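Hi,

Here is the structure I promised to hand over. Please have a look at it first, and then read my notes below.

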Amino acid sequence: MIDHVEGHGWPNMLRDGAVVRDETRLFDAQDTQFAGTLTPPDEPGWVVTLSTWVANREALRSRKHPVGIKVQPDDDISGLSPSHSGIRQVELQGIAFISIVFPVYTDGRGFSLAQQLRHEYGWLGELRAVGDVLIDTVHYLARCGFNSFVMKDGHDPQQALNAMNTFTRTYQRSYPSLSETIPMPRGPHRL
Amino acid sequence: MYLYDEIDQQLVEQRVVQFADQTRRFLGGQLTEDEFRTLRLQNGLYIQRHAPMLRVAIPYGMLNAEQLRMLAQVARRWDRGYGHLSTRQNIQFNWPRLEDVPSILAELATVQMHAIQTSGNCIRNTTTDHFAGIAPDEVVNPLVWCELIRQWSMLHPEFAFLPRKFKIAVSGALTDRAAVGVHDIGLQAVEQDGQVGFRVWVGGGMGRTPIVGKLINPFVAWPHLLTYLQATLRVYNLHGRRDNKYKARIKILVRDLTPAVFAEQVDQEWQRIKDGPDTILETHVSHIAARFTWPSYDPGAAEVDDPCEAYASTNPAFARWLRKNVHGHRVPGYAAVTLSLKKSGVPPGDITADQMDAVADLADRHGFGELRVSHEQNLIIADVRRDQLFQLWRELDVLGLATPNIGLLTNIISCPGGDFCSLANAVSIPVVSAIQERFEDLDHLFDIGDLDLNISGCINACGHHHVGHIGVLGVDKGGEEWYQVTIGGRQNGGAGAPGSDPAVRGGGAAIGRIIGPSFARDQIPDVIERLVNTYLARRDSEVERFVDVVDRLGIDVFKAAVYGAPLPSNAGVGGAQRPEARSD
């Protein structure tokens, strides 16, 4: 039996500067326990894969409880745009959050996907980093536009919150310093 | 010399604190070996054959006397009294203890130095012409642009975990001394209609798959330099291969997509971010330019009679040094001087702590306290009055730093090889020594003329063997070390060379061709000698260099000379046993 609960029993998530519990569950159409259903029940806390979202967009968008969408680093994120529109724009309606998976923390594709979602697709909602998320990477993740982080085992979310302050100055102007993304003491910006 | 502002200083200090914490967590068992590996690599720390190796950044090869004294102190206190200058214009210490590294970094930060991004799959230290800012053939001074790229690439939040390492080189002169053709991105600064901009080569590199870079944009105007780099890196970060580390460099992506398609994808990405917040403004450039100190040259220096010719006429040793180690300068009355770290019997690029201190004093007395590191692993005192050259030469000679071999066969570029590096298939330093001994006769060496001889202990090509006029590569065959020889490589074309860029005379790098089956270690000096003798017999004049003859005649005549008669070998048929490997 595959455990479909994504979250742990203890608070392992950092969201907008607060330590909370991740209580989401993944709906995986490939999993036998979901056999015969195309979409998860209309309850809070469900996460779907990008392919489930693309295949059932209209049904998922009209639910009472919006779903999270889980994006793998090799997914084609143009699937988040309205079909056949050719525009790079995420529909806001019906999406609770978008999470991007880091299979290993050294796989940096998620940083660029986050930048594209924020600046090209106009996604202003919650952007979540999941997978191999370390105390040592949350600072970069936050500057690339993530505002929630499900920490890997052994990486205390409170320490991760402190690590957001590792660098108080920045060089790259198109990536906001953390004072602009989450509530933090404000540090001066480069130039 | 660029001087840190408060922000630069604070970032470096905060990195020291972060790394100290990471080291503490690793030693305390809170970070696993796997987690710590990449974090330490991003700060220049390898676990090597004997001990950790710490690589300290020397941004675009510029160094001042105070920093060199600090490096001497580090070498004495935490290492074994010496350092090794790398082909990326950095310096490496081979013997520090892991526990000491945070303290070393803290000391370095006090003189505006760090080890950030000197290894790992991130944007590495940007390199440039070692005569940047002083070269007589310079079109655009690349230093301010290098500093802009340094700042932009340092602790970059999006590009810290690329598919593979990423190296940028910038050239601003007619002769490309930065080897822009063999970098992930090579930038050639040019002027067009009175505006500075950059020709952009992408996907060059050495290593396992040597390729010369492709020109993907003939002119990116300076305000757009960083957004163009950002677009290029983003395409690579998203689409570069991550399934096979040997196919993960940008050159493979460019080759697989074709340069035209790659350029098109970069352009699409660029159009979305162009004119965005990372667009460079005049104020950014002037802010950085204002933080560079430039030597206050004595206008009277040009008026003084140059005594060098007189000294040279009576002193052949000085004459030789003057010919090979002293270089032209854009300011009349001044010269740049290369301090050769290629003395016979000393590993190429190695410098002792005492030499560092002495060189720092010489730089203070004779050169405004400024130094450069060349990718050929030598030190340069950049601004010396010509009427002080004789005095400087005498002092350098005492220090063993006046070997007159710059540009010549014994100025060998070499990686540390199997004696130190856990990646190497074969040793390189003993091969260097054997070649240097064979070509000890200076008259003969001068007669051979300009010849780049580069040696790498493995296919990672840290010794740049692919672009040596003669390249030697250590290979592993059934646990034995053997050496493959290439000829005809070059790091740039110069005027009129095949493949060189007619607009700027930049580019034109070429990858050497393998002459045949590999050799045992002790055969290498004989192989080099046969190659050289073939060249001497075939050149049309002393002006025609070794590499020119290879271009003109092809490699067959050289091949015939090397393989025609059996080579003597003490080792008989076999190569030497390769050293025990420990990988990182």
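Let me start inside a sheet of chain B, where B:Gly83 stands opposite B:Ile351 in E13(B). This is a predicted model, so please read everything below with that in mind.

**The sheet of chain B**

The hairpin of E4(B) and E5(B) has 5 residues between the strands, and one of them to look at is B:Gln89, with a positive phi near 60 degrees.

Is E4(B) covered on one face or on both? Both faces are covered: B:Tyr82 and B:His84 are buried on one side, and B:Gly83 and B:Leu85 are buried on the other. As background, side chains in a regular strand alternate between the two faces of the sheet.

I would look at H8(B) next. This helix (residues 259-273) has 15 residues and reaches 21 Å from its first C-alpha to its last, close to the 21 Å expected at 1.5 Å a residue. Its buried residues are B:Phe262, B:Ala263, B:Val266, B:Glu269, B:Trp270 and B:Ile273. Why do they sit on the same side of H8(B)? Because they cover an arc of only 130 degrees around the axis. On the other side of H8(B), the exposed residues are B:Ala260, B:Val261, B:Gln268 and B:Gln271.

The cover over the buried residues of H8(B) includes strand E9 (195-202), strand E10 (214-221), helix H6 (225-239) and helix H7 (250-257) of chain B. After H8(B) comes B:Asp275, with a positive phi near 65 degrees.

H5(B) is mostly covered, with 11 of its 11 residues buried. Among them are B:Trp145, B:Glu147, B:Arg150 and B:Trp152. The elements that cover these buried residues of H5(B) include strand E6 (127-128), strand E7 (168-171), strand E8 (185-192), H6 and H9 of chain B. Just after H5(B), B:Leu155 takes a positive phi of about 55 degrees.

**Where the chains meet**

In the contact between the chains, 32 residues of chain B touch 25 residues of chain A. On the chain B side, helix H1 (6-27), helix H2 (33-41), helix H5 (143-153), H6, H8 and helix H9 (282-290) each supply at least two residues. Which helix gives the most to the side of chain B that touches chain A? That is H1(B), with 6 residues. By class, this side of chain B has 13 nonpolar, 13 polar and 6 charged residues.

**The sheet of chain A**

Chain A has an open sheet of 8 strands in the order E2-E1-E8-E7-E6-E5-E4-E3, and its pairing is mixed. Strand E2 (18-20) and strand E3 (25-27) of chain A are the edge strands, each pairing on one side only. From one strand to the next, the twist averages 30 degrees.

Within this sheet, strand E5 (residues 67-71) and strand E6 (residues 95-102) of chain A run parallel and are joined by 5 bridges. A:Val67 stands opposite A:Ile95 in E6(A). Helix H3 (residues 109-119) of chain A packs on the sheet and touches E5, E6 and strand E7 (126-131) of chain A. The direction of H3(A) makes about 155 degrees with that of E6(A).

Happy to go through any of this together.

Best wishes

How values were computed: Residues numbered from 1 in each chain as written. Chains lettered and ligands numbered in written order. Predicted model: local features only at pLDDT ≥ 70, side-chain atom pairs only at ≥ 80, totals over all residues. Helix = DSSP H or I, 4+ residues; strand = E, 2+ residues; numbered from the N terminus. Expected span 1.5 Å × (residues − 1). Buried ≥ 20, exposed ≤ 12 C-beta atoms within 10 Å, placed from the backbone. Arc of directions from axis to C-beta. Contact = placed C-beta atoms within 7 Å. Nonpolar A, V, L, I, M, F, W, Y, C, P; charged D, E, K, R; others polar. Pairing = 2+ DSSP bridges. Axes fitted to C-alpha atoms, helices over the stretch in contact; angles between N-to-C directions.
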